[in-house]
Amino acid sequence: MLDKTALLTDAQMRFFIVNGYVTVKTDLPPEFHRSVFEQTAAVFEKEGNPGNNLLPRIPAVRQVFDSRAVQGALRSILGEDYYMQPHRHCHYNQPASQGQNMHQDGGKRWSHLTRWMLAFYYPQDTFQALGPTGILPGSHYYNTPDSARINEELPLCGEAGTVTIAHYDLWHRAMPNRSEKRRYMMKFLFARMSEPRSPSWNHAQAGPWQNDQRMFQHVWNWHCGQTNGGMSQASRSGAGCISKLMEALESDWEPTGLHAAYALSGLGAPAVPGLIERLGNESEAICRNTCYALSAMGTPAVGALIGALRDGDWRIRDRAAETLGDMGLPARAALPALVQAMQDESEEVRSHAAEALGTVGQLEPTTAPALISGLRDEHGCVRRNAALALARLGAHARDAVDALQAVLFDEDRYVRGDAAHALHRIGTPEARGVLLRFLTTSRWCPLTTPDSTF
């Protein structure tokens with residue numbers, strides 16, 4: 001059992017919320033990392049990149065993520081029951097490479113909350129000339145390169161065994177390798193399973209955020225398990241400036257729009273009509289800022305978003321479902337409408353409704369039948385989100401065992417992986433039996449290679 005001293009402190013959590021990353025060092029000896037490097041080089045030379053089969057091909061890497069410091073960081077940020085997703089990749093930066101362009105792995109998720117994380121592991125000492133991963137601290141809040149301060153790059157250098165835990169949307173790249181040495185970095189994806197109900201790090205007494213840091217305050221409160229939707233006296237006194245904030249929400253400069261979004265979220269119900277009206281705007285940026293505002297507002301916006309789920313425009317229905325899903329537990333009143341949205345004619349709406357049922361309704365067994373239906377959807381994105389949502393329901397999804405067994409051989413590899421994890425979290429004897437039979441027949445042998453087939 002992990003002791004509390006391995007968890008992050010308030011100061012480290014504040015640093016993560018602002019900057020989008022935290023770096024730790026494993027307690028494994030140098031010879032361990034040297035061995036991993038040599039094994040990795042051998043696999044690349046003989047077989048190429050193992051991709052998602054990285055762990056069964058180089059099983060020792062699992063010890064990195066079982067190490068005390070890495071577990072402590074992941075539990076602090078994602079909660080005790082975090083999930084190592086099936087996607088992982090070994091990034092090889094060859095000598096004299098030009099590196100990559102800055103990019104986001106998470107894409108346009110329209111969420112600032114921490115439900116997805118990346119972990120970068122170096123099996124060799126990595127200095128700047130070797131082409132480390134470069135990041136833009138704080139860029140996970142932004143969707144445009146200019147707003148993300150594309151020129152303020154920080155190289156993640158470190159000794160072998162260095163692991164950086166980063167927000168999924170943090171802008172990053174492989175920097176140019178100006179050396180004659182090979183650089184490997186192993187990237188893993190992790191997901192939060194349970195919505196936060198209390199701080200999962202070593203929480204003592206952190207000071208308040210500044211008035212111009214509403215965005216950070218919202219993310220901090222969410223990690224602390226504090227429900228959104230409260231409206232302070234200061235917020236009420238500012239209700240008269242709604243029109244000016246709505247104008248700022250539409251700014252072409254993303255930081256201005258974000259500042260307005262979080263200011264509007266604090267004004268509560270009086271700001272809802274104007275925000276709902278902007279859900280149908282042709283500008284993606286305006287819609288995105290609108291969703292941030294409604295999600296951060298919480299409970300006062302739920303009724304209007306339920307109404308938006310019935311709009312004639314599928315884009316508005318889609319944005320409403322995505323926003324309710326990002327809101328999480330405070331949107332419980334929307335569960336019947338989200339269940340109904342699983343029958344929507346738009347696969348985008350069904351996909352976001354399935355995702356939302358996993359965050360909004362993870363404490364409600366009544367949502368399982370709709371998600372079971374989603375496992376039979378013709379679109380992979382719906383099946384994928386339905387499987388992950390059932391995993392988030394855990395024991396509440398015990399009626400889904402047969403349906404999950406049916407998708408263990410789905411054509412989508414991530415439907416398979418998430419279905420297996422759902423069975424693990426359901427944990428009944430029936431679920432464990434199905435999972436064990438699947439794992440036995442799909443077992444990967446790390447010793448089997450083209451040079452040694454049996």
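This is a predicted model: local features need pLDDT of at least 70, side-chain atom pairs count only at pLDDT 80 or more; totals for chains, interfaces and linings use all residues.
Student: How many helices and strands does the secondary structure of the chain come to?

Tutor: Helices (H or I, at least four residues) and strands (E, at least two) are DSSP runs, numbered from the N terminus. Counted in that way, the chain comes to 20 helices and eight strands.

Student: Why is the chain said to be as compact as a globular protein of its length?

Tutor: The radius of gyration is taken over C-alpha atoms, and the globule rule is 2.2 Å times the number of residues to the power 0.38. The C-alpha trace spans about 70 × 50 × 40 Å along its principal axes. The chain counts as compact because its radius of gyration is close to what the rule gives for 454 residues, both values being 22 Å.

Student: Which percentage of the residues of the chain count as buried?

Tutor: A residue is buried under 20% relative accessible area, exposed over 50% and partly exposed in between, with a 1.4 Å probe and protein chains only. Among contacts between residues at least 6 apart in sequence, 80% join residues at least 24 apart. Of the 454 residues, the part that counts as buried is 57%.

Student: Is strand S8 mostly covered or mostly open, and how many of its residues are buried?

Tutor: S8 runs over residues 183–191 and is mostly covered.

Student: How many bridges pair S2 with S8?

Tutor: Two strands pair if DSSP finds at least two bridges between them. S8 also runs antiparallel to S3, to which six bridges join it, and tryptophan 116 stands opposite alanine 191 in S8. With S2, histidine 89 has lysine 187 of S8 as its bridge partner, and the antiparallel pairing of S2 and S8 extends over eight bridges.

Student: Which strands are the edge strands of the open sheet of three strands?

Tutor: The order in this sheet is S5-S4-S7, with antiparallel pairing. S4 (residues 133–135) pairs with S5 over two bridges, and isoleucine 135 has leucine 154 in S5 as its bridge partner. The strands that pair on one side only are S5 (154–155) and S7 (172–174).

Student: Against which helices do the buried residues of H6 pack?

Tutor: Helix H6, residues 214–223, is mostly covered, with seven of its ten residues buried. Those residues are Met215, Phe216, His218, Val219, Trp220, Trp222 and His223. They pack against H1 (10–19), H5 (68–78), H9 (254–265) and H11 (284–297).

Student: Which residues does cysteine 224 touch, not counting those up to four places away in sequence?

Tutor: Cysteine 224 is found in the loop between H6 and helix H7 (233–237), and its relative accessible area of 8% makes it buried. Its C-alpha atom is 4.7 Å from that of serine 198, although the two are 26 residues apart along the chain. The residues that cysteine 224 touches are Arg197, Ser198, Pro199 and Trp201.

Student: Is cysteine 381 buried, exposed or partly exposed?

Tutor: Cysteine 381 is found in helix H17 (residues 380–393), where it touches Glu347 and Ser351, not counting residues up to four places away in sequence. Its C-alpha atom and that of glutamate 348, 33 residues apart along the chain, are separated by 8.2 Å. At 28% relative accessibility, cysteine 381 counts as partly exposed.

Student: What is the phi of alanine 96?

Tutor: Most residues other than glycine have a negative phi. Alanine 96 is found in the loop between S2 (83–93) and S3 (116–121), and it is exposed, with a relative accessible area of 57%. Although alanine 96 is not a glycine, its phi is positive, at about 65°.

Conventions: Residues are numbered from 1 along each chain as its sequence is written. Side-chain values use heavy atoms; hydrogens and water are left out. Contact means heavy atoms within 4.5 Å.
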